[in-house]
Structures are given as C-alpha cells and as structure tokens.
Amino acid sequence: MSFLEVLGNYRKEFPLEEEEEVFAGIGSLLKEAERVNGILQILKNKNSGVHRILMRKNKTYETLMNHYITPDMYLYPNELIWSAEDFSTGTPTNTKMNIVFPKSTNWAAEFRQYFNEARYKNEQILTPNKTIKSYIEDLSKIKDIESADIEEYAKMFKFLIAEPSFFNLPLKHIYRLVKESNYVFTPDEASRFLFLTKSNNKSSITILLDVIDCGDLSPVDSLKLLSAFGNCPLLKPLISNINVISNAINAQEKELDDAKKELGDREIYFIGKCMLSIDNNEEGESFVSISYYNGYKMAFQFIGSEKARIEIRIDEYQHLDPNYESFTQDGHEYSIKFIPQDTKIIEEFRRVQYKAKYNVYQKNVN
C-alpha cells in the first residue's frame with residue numbers, strides 16, 4: 001500500500017470536525033531502543049487557532065504523541081528532535097521526541113517548516129502583547145549589558161533560547177542572560193545551545209562554560225555532551241569527574257578494538273553496537289559488523305559472554321525490512337536494535353548492507 005493510500009485510509013478512520021490538518025506524514029518515532037512507525041499530523045483548532053501534534057501507531061492507531069506546540073519548543077538544528085509536555089498516556093509527561101521520515105519524501109523539510117510556523121502562530125495567540133522576537137530585538141539595543149537591569153529577560157530565558165535569532169545577540173549579552181537566569185540545561189539542551197552560539201559568534205565561547213549549569217551529570221550524559229563536540233576539551237569544566245569519563249571512553253574504545261581484532265585481517269566496512277534477537281528471542285548485546293573475507297559477511301560478536309560469534313553470508317536475497325533492521329535468512333529471523341538508536345548509524349548500516357548485497361548481485365550477473 002502506498003503512503004497516499006495509508007494516509008487516505010487514516011483520514012477516513014479519523015475524520016476531523018473541530019480541527020483542520022496543516023501537515024500529515026508517515027514516520028518513525030525513536031524511543032530508547034524502540035522504533036515505532038505511525039501517522040503524524042499537525043492540527044489547527046478552527047475556533048482558537050491553536051496548533052497541536054498528534055501521532056498514532058500504524059494499524060493499531062494507538063496514540064504515540066499528543067501535545068500543543070508551545071513558544072518554548074524548538075527543533076534541533078540537524079534532526080527532528082524536540083521536548084514537550086505530552087498527553088499521549090493521559091498524564092502530562094515531559095518527553096523527548098525524535099522523528100525520522102522516509103528519505104524518499106519531502107516530509108522532514110515540510111514538518112520543520114510547519115512546526116516553526118505553528119510555534120509562531122501559537123505564540124501570537126498565547127502572548128498577544130509582546131512576541132519573543134520583540135524581546136530579543138529590545139535586548140540587542142542594550143549597549144551596556146553588564147550593568148543593565150535584565151530581570152524580565154532572565155525570566156523569559158527558556159522562551160528566548162527557542163528563537164534562533166537569540167543566538168545572533170553579542171556573546172556578552174548571551175553570557176549575562178545565562179548567568180542571571182539560573183537555568184539548568186539538560187545535556188542535549190547544552191549541546192544545542194553551545195553549537196548555535198558557536199555557529200553565530202566568531203569569538204571564543206569558553207566564557208560560557210563558567211555559567212552553563214547542567215546539574216549533576218551522569219557519566220552517560222557527560223559522554224553525550226562530549227561526543228556532541230568531538231570530545232572538545234573546552235567542555236571539561238562542565239564535568240565534575242573527568243576520570244570517570246575518560247575511563248568510560250577508553251573502555252568503549254577497547255571493546256571496539258577487541259571486536260575488530262577478533263575479525264582478523266578482513267576488510268571491515270561497518271561495525272556498531274546492538275541488541276540482537278533471533279526468532280524473537282533476545283540473544284544479548286553484541287557488535288554487528290559487515291566485512292569482506294571470501295565474500296561479504298555480517299558477524300555478531302557477543303559482549304561479556306562466551307557465546308560463539310555468529311557469521312552470516314550476505315547474498316543478493318538478504319532484504320532488510322523497510323521499517324526495522326531485521327531480515328530472514330536460513331529459516332531464522334534476525335532483528336537488530338542499535339545502541340543507541342542513532343539515525344546516522346542506522347542509515348550507514350543500511351547503506352553498507354545494500355552496497356554489499358548489490359556487489360554480490362553484480363558479481364553473479366557477470
């Protein structure tokens with residue numbers, strides 16, 4: 001069934017009365033180690049004009065996402081990631097959303113456009129007297145920011161950083177606002193904040209590291225923050241226990257090196273960490289690799305276990321499921337969930353697997 005047919009059937013199942021559809025697309029919601037496919041809509045209330053996001057799971061139509069687009073929400077620069085007070089479970093819960101649309105469509109660009117437009121329109125409805133942009137324009141006109149009274153702006157901080165034009169302010173303005181706001185960033189928020197500040201300022205952003213508060217960072221969160229900037233040493237003042245971080249990085253690198261050594265001299269095109277299931281039975285964490293040695297092979301090397309390595313020859317008939325990293329071969333169903341569920345890792349795995357399969361096909365044809 002085509003995308004248009006799926007959307008058509010969905011609209012018949014859920015006709016709109018008090019709302020109108022601004023955007024609709026079919027995508028995957030990434031939640032921890034889970035990937036759920038569904039229909040995502042941006043809906044506008046005909047009476048109030050307020051916009052919300054609604055997503056339902058394919059086939060079962062279970063609600064996956066249901067929340068308003070508020071002025072303090074924003075999408076990450078290179079990915080469709082945002083946080084919201086979501087009502088899909090019936091109880092408002094602060095939830096991180098991560099959506100991936102098929103590359104064969106223009107839905108990702110369209111969603112970003114309509115999301116931002118809805119945010120501005122909702123802002124005008126909820127705060128009609130003064131917009132976030134006008135606050136930022138007023139801030140830009142303050143020459144002596146060090147001695148100015150910015151209490152009103154500091155209270156608005158979480159709304160100001162949702163607006164991209166905020167990062168066009170002089171660095172000294174941004175520094176003072178961070179300091180006065182006492183805002184506690186999540187690691188993801190801090191990564192975005194530093195990335196956008198650095199992108200829009202030629203001067204060094206080192207001074208911001210003295211005032212950015214990420215609370216008590218766990219080693220995992222610290223690793224996330226470090227990896228976002230390629231292990232930039234400027235981020236070290238954010239981390240209370242750098243030895244723990246170094247040890248964790250070294251342990252990860254050693255695991256990877258050991259897995260590569262075990263594969264011997266073969267040429268490795270891809271390697272990544274995953275949870276492997278065979279015939280719906282969870283086998284455990286492993287490294288999955290695609291390499292060449294007397295043919296293309298996919299190997300699974302189990303971590304912290306004495307289970308023997310599993311090797312599968314890649315042939316022209318090995319087809320990955322369009323929505324999940326799974327395939328059937330030699331009478332068994334293999335399912336791979338990458339750790340973490342990073343879209344770039346997943347896309348690279350699919351690209352390398354397809355190329356290997358295509359090379360086998362070309363060789364057989366010739």
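Is glutamate 311 buried, partly exposed or exposed, and what is the relative accessible area of this residue? Glutamate 311 is partly exposed, because its relative accessible area is 31% and the class lies between buried (under 20%) and exposed (over 50%), with a 1.4 Å probe and protein chains only.

The model is predicted: local features need pLDDT of at least 70, side-chain atom pairs count only at pLDDT 80 or more, and totals for chains, interfaces and linings use all residues. Residues are numbered from 1 along each chain as its sequence is written, and side-chain values use heavy atoms, with hydrogens and water left out.

Glutamate 311 pairs with arginine 309 in a salt bridge (a side-chain nitrogen of Lys or Arg within 4 Å of a carboxyl oxygen of Asp or Glu). Their closest N and O atoms are 3.0 Å apart. Arginine 309 is partly exposed too, at 32% relative accessibility. Shared partners extend this pair into one network of Glu262, Arg266, Arg309 and Glu311.

By the salt-bridge rule, the count comes to 18. Another of these bridges joins arginine 35 to glutamate 325, with 4.0 Å between the closest N and O atoms. Arginine 35 sits in strand β2 (residues 34-45), and glutamate 325 in the loop between β10 (310-313) and β11 (326-329). The partners are 290 residues apart. Both are buried.

Lysine 103 bridges to glutamate 347, the closest N and O atoms lying 3.3 Å apart. This pair also links distant parts of the chain, 244 residues apart. Lysine 103 is exposed, at 68% relative accessible area. Glutamate 347 is partly exposed, at 34%.

Note on methods:
Helix = DSSP H or I, 4+ residues; strand = E, 2+ residues; numbered from the N terminus.
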